[in-house]
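Hello,

Here is the structure I promised to pass on to you. Please open it and have a look around before you read the rest of this email.

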Amino acid sequence: TIGDRAFMSSYVFRLRNLCNLHRLEIGSGCFRHVDIFKLDGLDTLMYVNIGTNSFTETPENHWNIERANNKRKSAYISNCENLRSITIDRYSFSDFGGQFNLYNLNSLISIKIGSIQQNSRNFIWSSFIIRSNDKDV
């Protein structure tokens with residue numbers, strides 16, 4: 001669990017080969033300057049929950065369309081064989097303009113991004129790709 005407004009100056013968020021991680025909880029307003037978000041090979045990971053305004057330099061109260069489409073910012077979640085659920089709250093990843101790539105997540109049951117009937121702007125500029133064993137789904 002990572003609390004609210006943590007790690008504001010990190011540029012890469014990468015987790016891999018952690019053999020006992022079951023749940024990843026990231027609070028609101030975290031990792032503002034991250035360009036690459038990557039979860040890979042986390043075989044025991046079952047749940048990912050990310051709060052509001054995380055992984056974005058343009059949070060909801062400062063949203064700026066001119067800074068929002070950053071092509072160098074991409075997110076990847078791959079090879080997490082027991083991952084069942086991904087939940088990403090409003091405005092997180094709102095300035096990511098690269099890919100949002102989900103690969104080889106064979107146990108994935110649900111993806112919840114943003115909120116219904118509210119502005120969310122998650123991955124508003126990103127390509128959304130889901131792949132399993134090198135095939136687009």
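This is a predicted model: local features need pLDDT of at least 70, side-chain atom pairs count only at pLDDT 80 or more; totals for chains, interfaces and linings use all residues.

Strand E4 (residues 47-50) is joined to strand E6 (residues 85-88) over 4 bridges, in the parallel sense. Look for isoleucine 50, which stands opposite isoleucine 88 in E6.

Now for the rings. There are 9 aromatic pairs. Phenylalanine 93 and phenylalanine 96 are edge-to-face, because their planes are at 80° and the cut-off is over 60; their ring centres are 5.0 Å apart. Phenylalanine 93 is buried at 1% relative accessible area, and phenylalanine 96 is buried at 0%. Phenylalanine 100 and phenylalanine 123 are stacked, with 4.0 Å from centre to centre and 10° between the planes. This pair links distant parts of the chain, 23 residues apart: phenylalanine 100 is in strand E7 (residues 99-103), and phenylalanine 123 is in the loop between E8 and E9.

Ring pairs join these residues into a cluster that also includes Phe128. Phenylalanine 128 lies in strand E9 and is partly exposed, with a relative accessible area of 46%. Together with Ile111, Ile113 and Ile130, Phe128 forms a nonpolar surface patch with about 300 Å² of accessible area.

Enjoy exploring!

Definitions and conventions:
Residues are numbered from 1 along each chain as its sequence is written. Side-chain values use heavy atoms; hydrogens and water are left out. Two strands pair if DSSP finds at least two bridges between them. Helices (H or I, at least four residues) and strands (E, at least two) are DSSP runs, numbered from the N terminus. Patches are made of residues with over 30% relative accessible area and no salt bridge: like charges are joined within 9 Å, nonpolar side chains (Val, Leu, Ile, Met, Phe, Trp, Tyr) within 5 Å. Accessible areas come from the Shrake-Rupley method with a 1.4 Å probe; for residues, only the protein chains shown count as cover. A salt bridge is a side-chain nitrogen of Lys or Arg within 4 Å of a carboxyl oxygen of Asp or Glu. Buried means under 20% relative accessible area, exposed over 50%, partly exposed in between (1.4 Å probe, protein chains only). Rings of Phe, Tyr and Trp (its six-membered ring) pair if their centres lie within 6.5 Å; planes under 30 degrees apart count as stacked, over 60 as edge-to-face and the rest as tilted.
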